[in-house]
Amino acid sequence: MLGGEVVAEWQAGLDDLFALIAGRFSRVEPRRLAFAYVRGLLAALERRNGWTIAEHAGRRSPNAVQEMLYSPCWDPHLVRDDVRDYVVEHLGDPDGVLIGDDTGFVKKGVRSAGVQRQYSGTAGKVENCQIGTFLAYASAKGRALIDRELYVPKSWTEDPQRCAKAAVPDDVEFATKPQQAQVMLERAVAAGVPFAWFTADEAFGQNPGLREWLEQQDIAYVMATRNDDEVPAGLHTTRTVKDMIATIRSGAWQRLSCGDGAHGPRVYDWAWTPIRTTFPHGRRGWVLARRTISTGEIAYYRCFGPRGTRLRTLVRTAGARWAIEESFQTAKNEVGLDQYQVRRYDAWYAHITLAMAAAAFLVVTRATESGKGAPAPAAAS
């Protein structure tokens, strides 16, 4: 059992988070309901939705709780900024890494904002679902989600009546997931989030527009790519990343860990070779390869960063991408990121933002308690 002193410290930490976002509410009742919502997300409930959270808060009906999610008395985007600042305050590090990725939310019906049959990495197949694009922050102190965008497909943006029924604003235009990642990175940079690298999977690494923007902004990156991706290999010539890595002598591969996983260090064989072209800001580019020891399967990355960057740094950054998967798992399993029952566009942002706040509280508390050797918090009643 946890001592009363420890529980009191955790409650004080949650109160500090509430104090940070309290000013974003123009009325007392929505603020109280939002705080009750976060407490419900943190509670040991089998499901975390409007009904169960309302019951946990002592309400007879979920109506007021659900209405809070689209109340004009608060702006989820401003609360998002507070959550990001809270994470940076406690986990911030100049060597931090920003990670972009998307995750799916399986849904029934066709009325939830942005829903359609589309590929979900979460399900590993095409599903009727919504897709959220997220930005996570990772440092040696911990990792947490700090930004989010709902992916709204063209089947929605080209149908104004459908959008209106789901409260999708008139000014919402179609944006690809890499474009959404760029918008979130712009917000992070403008807010002064301390980081050294950005990483993402091949859905982002294959996008030339995102890569060019990152290079122009002098944001160092390590992003996965396909084996047939072509990169400059000299004057007016290109080669696939697979062919470039194939020419590396066998003795050049190095066995390195890219970080700890659930079962210990993630160890692979790694190799790299320069991309022979001129990059902005006097930077360099590389093709990085990761070879699985047991199978020999090779994954490829495009990299951009300062001259003098070491292989170990690229490897560490590539490994940091798993931090966002762990953040999704934490947020879905422990605070119900995916357990909402809302259809409106604005209500989606409200639920996701409050779930990010709850998850950030867990991550920050765990980081604080681990430094003292105390047990880490989990969802509690």
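**Figure 1. Strand β1 is largely enclosed by the rest of the structure, because nine of its ten residues are buried.** The strand covers residues 97–106. Buried means under 20% relative accessible area, exposed means over 50%, and partly exposed lies in between, with a 1.4 Å probe and protein chains only. Strands are DSSP runs of E with at least two residues, helices are runs of H or I with at least four, and both are numbered from the N terminus. The model is predicted: local features need pLDDT of at least 70, side-chain atom pairs count only at pLDDT 80 or more, and totals for chains, interfaces and linings use all residues. Residues are numbered from 1 along each chain as its sequence is written, and side-chain values use heavy atoms, with hydrogens and water left out.

**Figure 2. β1 pairs with β3 and with β5.** Two strands pair if DSSP finds at least two bridges between them. β1 and β3 (residues 125–139) run antiparallel, with ten bridges. Asp 101 has Phe 134 of β3 as its bridge partner. Thr 103 faces Gly 132, also in β3. β5 (residues 197–200) runs parallel to β1, and four bridges join the two. Here Val 97 is the bridge partner of Trp 197 in β5.

**Figure 3. β3 is mostly covered.** Of its 15 residues, twelve are buried. Another is β4 (residues 142–151), which is antiparallel to β3 over nine bridges. Gln 118 stands opposite Glu 127 of β3. Leu 135 has Asp 147 in β4 as its bridge partner.

**Figure 4. Gly 58 sits in the loop between α3 and α4.** α3 covers 50–56, and α4 covers 63–68. Is Gly 58 buried or exposed? Gly 58 counts as exposed, because its relative accessibility is 63%. Ala 36 is 22 residues from Gly 58 in sequence. In space, the two are 9.7 Å apart, C-alpha to C-alpha.

**Figure 5. The chain as a whole has 14 helices and twelve strands.** Its radius of gyration is 22 Å, close to the 21 Å that the globule rule gives for 381 residues, so the chain is as compact as a globular protein of that length. That radius is taken over C-alpha atoms, and the rule is 2.2 Å times the number of residues to the power 0.38. The C-alpha trace spans about 70 × 55 × 40 Å along its principal axes. Of the 381 residues, 50% count as buried. Contact means heavy atoms within 4.5 Å. Among contacts between residues at least 6 apart in sequence, 64% join residues at least 24 apart.
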